[in-house]
Amino acid sequence: MKIGGYLPTSLIEWPGKLSAIIWTIGCNFRCPFCHNKDLVKISKLKNQFPDKYQVLNSKLQVFKQKEILTDLKKRKDWIDGLVISGGEPTIQSNLVDFCVRVKKIGLEIMLETNGSQPEMIKKLIKNNLVDFWAMDFKTVWENYFQVTGFKKIAEIKKSINLILAFGKPLELRTTIVPGIHDEKILLAMARELRESFKSRLTNNDLRFAKPKWKWQNFQPKNTLDPAFEKIKPYSEGQIKKLKNLVFDIFPVVE
Ligand code: SF4
């Protein structure tokens with residue numbers, strides 16, 4: 001595992017749980033608003049959107065897998081679990097092996113992913129290694145390539161269906177960015193979610209829909225595309241207005 005960040009304790013990342021967090025190095029997406037640019041490919045681009053990740057940015061503190069596991073063992077009686085974030089964790093070839101080791105310590109696992117690697121997700125599910133899934137839902141499917149540089153939308157949809165079929169909690173997450181998300185796009189995203197998941201509802205009441213849809217406000221700091229640092233995020237009032245607008249189609253939980 002290529003690990004570029006470690007936080008021993010957090011109360012925020014996994015609601016209701018006390019968790020440690022690791023950030024893996026490298027991502028196969030190129031979201032311009034990404035605020036983890038040090039973890040994502042920033043140089044040696046052979047073409048605009050290479051399949052594989054690069055790295056290593058000299059600013060990163062790189063952690064050895066062994067030192068993380070040793071520290072987790074020490075704090076296993078104090079924390080509930082480990083959040084694996086990135087970058088994109090599912091492009092790490094030894095993710096399954098790492099998760100097995102974390103589980104052996106006795107910790108639960110939350111995985112944050114862009115959903116691009118259903119084969120890896122299948123392996124994690126098969127070995128029952130993830131207790132809570134958080135997956136990005138960046139924009140309407142039609143704009144996905146434009147926003148992320150990732151073409152294989154069917155793979156992302158496949159990942160969502162695999163996780164839903166498995167039955168563990170899934171939270172879809174959207175970072176709301178002015179210029180990428182407006183009323184029209186958010187309404188269209190809500191409709192796409194409704195359409196995708198309505199067959200899973202017993203009483204058509206989307207307040208009880210699974211997965212949950214969670215929004216987070218864009219932060220114009222350390223963005224992959226420096227131009228995005230000049231974009232002013234929506235105000236709380238604007239976000240609330242947008243949330244009310246889409247709520248009847250597909251509820252936003254936070
Ligand atoms: S926002 Fe997430 S998926 Fe997009 S480039 Fe950054 S780490 Fe990758």
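A residue counts as buried here when its relative accessible area is under 20%, as exposed when over 50%, and as partly exposed in between, using a 1.4 Å probe and protein chains only. The model is a predicted one, so local features need pLDDT of at least 70 and side-chain atom pairs count only at pLDDT 80 or more, while totals for chains, interfaces and linings use all residues. Residues are numbered from 1 along each chain as its sequence is written, and side-chain values use heavy atoms, with hydrogens and water left out.

Seven helices and seven strands are present, where helices (H or I, at least four residues) and strands (E, at least two) are DSSP runs, numbered from the N terminus. Read from that end, the order of elements is β-β-α-β-α-β-α-β-α-α-β-α-β-α. Taking contact to mean heavy atoms within 4.5 Å, 69% of the contacts between residues at least 6 apart in sequence join residues at least 24 apart.

Now for helix 3. Its buried residues are Pro118, Met120, Ile121, Leu124 and Ile125. These cover an arc of only 155° around the axis, so they sit on the same side of helix 3; the arc is that of the directions from the helix axis to the C-beta atoms. The packing partners of these buried residues are helix 2, strand 4 (108-113), strand 5 (132-136) and helix 5 (153-166). Just past the end of helix 3, Asn128 has a positive phi of about 50°.

As for the partner helix, helix 2 (residues 95-105) packs on helix 3 (residues 118-126) at an angle of about 25°, with the axes 10 Å apart. Axes are lines fitted to C-alpha atoms, for helices over the stretch in contact, and angles run from 0 to 180 degrees between N-to-C directions. Leu95, Val96 and Cys99 of helix 2 make the contact with Met120, Lys123 and Leu124 of helix 3.

Over in strand 3 (residues 81-85) lies Leu82, which counts as buried because its relative accessibility is 0%. Beyond its neighbours within four places in sequence, Leu82 is in contact with several residues, including Trp14, Phe98, Val102 and Met110. Leu82 and Met110 are 28 residues apart in sequence, yet 6.3 Å apart in space, C-alpha to C-alpha.
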